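Trainee: Can we go through this model together? I'd like to start with the overall makeup and then get to details.

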Amino acid sequence: MDLTHFLYPLVLRILDVYKNLERLVLTLLYPIVKKIVLGQFTSAGINLDGDGPVGISIRPGYEKQWILRVACDLELGLGEMYMEGLWECKSLEKFMFLMLKSDMYKEATSFRNICISYVRFGLFNMQTMSKAFEVSTHYDTGNDLFEAFLDPSMSYSCGYWKNAKTLAEAQTSKLELIAKKLKLKPGMKVLDIGCGWGGLAQYLAKNHGVTVVGVTVGQEGADYARKVCDGLPVDIRVQDYRSLHEEFDRIVSVGMFEHVGSKNYREFFKVVRRCLVDDGIFLLHTIGVHDPRMERKDPWTLKHIFPNGEIPYYRYVDRDIEGLFVIEDWHNFGNDYSKTLLAWRDNFETAWPTLESKYGEKFYRMWKFYLETSAGAFAARKLNLWQIVLTKEGLTNGYDAPR
């Protein structure tokens with residue numbers, strides 16, 4: 001029996017009692033709190049008077065509420081107040097860049113949020129098989145939305161901009177880079193864990209002559225993938241990766257590991273090892289952090305974008321690979337994700353008039369906040385994008401890593 005469903009909400013309610021007490025104390029000490037919060041933003045180079053390229057404009061009459069919510073729930077408060085239209089910012093990307101570069105988030109993170117992070121990642125397993133499909137609420141938001149801001153391949157992960165000038169070129173370059181790193185040969189059988197809308201499966205089958213099995217927890221994405229892969233040797237399944245018991249020549253996972261959870265990394269890698277032939281290659285494409293003090297998923301993103309997500313910390317990845325795989329290559333091109341996110345933002349803005357009647361103003365502000373602040377985090381180099389190539393025992397003649 002999975003007690004997480006019962007104990008986790010109970011613990012959150014207890015922490016909410018603390019939060020209410022914290023809010024009361026901060027309200028009583030408001031003059032001091034205001035001075036501290038304003039000082040932190042000023043030291044980060046962020047003005048609250050609307051001036052400068054980043055300057056924040058708070059809706060008249062809401063300054064006290066804004067400052068108290070920032071003091072009590074930094075990321076969650078900022079994100080939800082932006083969704084509610086209580087403040088504007090000329091550049092959310094630059095705003096987040098400056099916040100993270102100044103390390104302000106380390107000083108301002110509330111005790112309650114620290115406790116919630118520990119509860120999520122330390123006490124409970126938020127990515128059990130019974131909870132694995134909860135994240136599909138994000139990917140099933142609507143294919144019309146994702147078609148509007150993604151490239152034609154529907155790649156919802158970082159593009160590779162080394163020789164690219166457009167989003168479509170960057171995503172095609174990423175798909176081809178993956179194919180080269182996997183060292184594919186016609187007739188091979190490939191497993192795509194977290195296949196999304198089928199862009200990678202379609203590309204590999206069409207351009208490299210391989211057979212692909214793609215697994216995903218998103219029903220809308222699976223339906224879409226089956227259509228785009230029609231006529232190709234591609235099998236798309238709505239299935240949890242833990243239930244796989246087949247053998248593959250190559251395995252790839254792009255943008256899915258962020259939903260696995262650190263309590264499940266070892267099991268994930270054991271499943272991959274079980275399903276990979278002895279001389280096979282596994283490529284893991286994932287966001288990651290190098291600083292343990294960096295939020296591995298901030299409260300706003302957990303609540304509004306990716307339920308139960310957890311950004312991998314490199315030490316935990318290395319720990320749970322040990323004894324199962326040899327690391328052939330670890331490639332970091334995180335700055336490219338900032339470019340990708342801003343390209344998505346531009347496409348989203350352009351398409352918004354056709355989406356507005358369905359999704360509404362609050363969703364627009366939520367999605368804009370998500371894309372632009374994420375771009376700022378990658379630009380500040382607090383978030384990374386890794387492609388890790390693994391083999392069971394190390395390739396006999398070595399591994400030449402494409403770039």
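**Overview and two details**

Mentor: The protein chain has 16 helices and 9 strands, taken as DSSP runs numbered from the N terminus (helices H or I, at least four residues; strands E, at least two). This is a predicted model, where local features need pLDDT of at least 70, side-chain atom pairs count only at pLDDT 80 or more, and totals for chains, interfaces and linings use all residues. Residues are numbered from 1 along each chain as its sequence is written, and side-chain values use heavy atoms, with hydrogens and water left out.

Trainee: What share of the residues counts as buried?

Mentor: 58% of the 403 residues. Buried is under 20% relative accessible area, exposed over 50%, partly exposed in between (1.4 Å probe, protein chains only).

Trainee: Which residues of H13 are buried?

Mentor: In helix H13 (residues 265-275), they are Tyr 265, Phe 268, Phe 269, Val 271, Val 272 and Cys 275. These sit on the same side of H13, because they cover an arc of only 155 degrees around the axis, going by directions from the helix axis to the C-beta atoms.

Trainee: What covers them?

Mentor: The cover includes strands S3 (189-193), S6 (248-254), S7 (276-288) and S9 (384-391), plus helix H15 (314-321). Contact here means heavy atoms within 4.5 Å.

Trainee: New topic. Where is Leu 29?

Mentor: In the loop between H1 and H2. Leu 29 counts as partly exposed because its relative accessibility is 42%.
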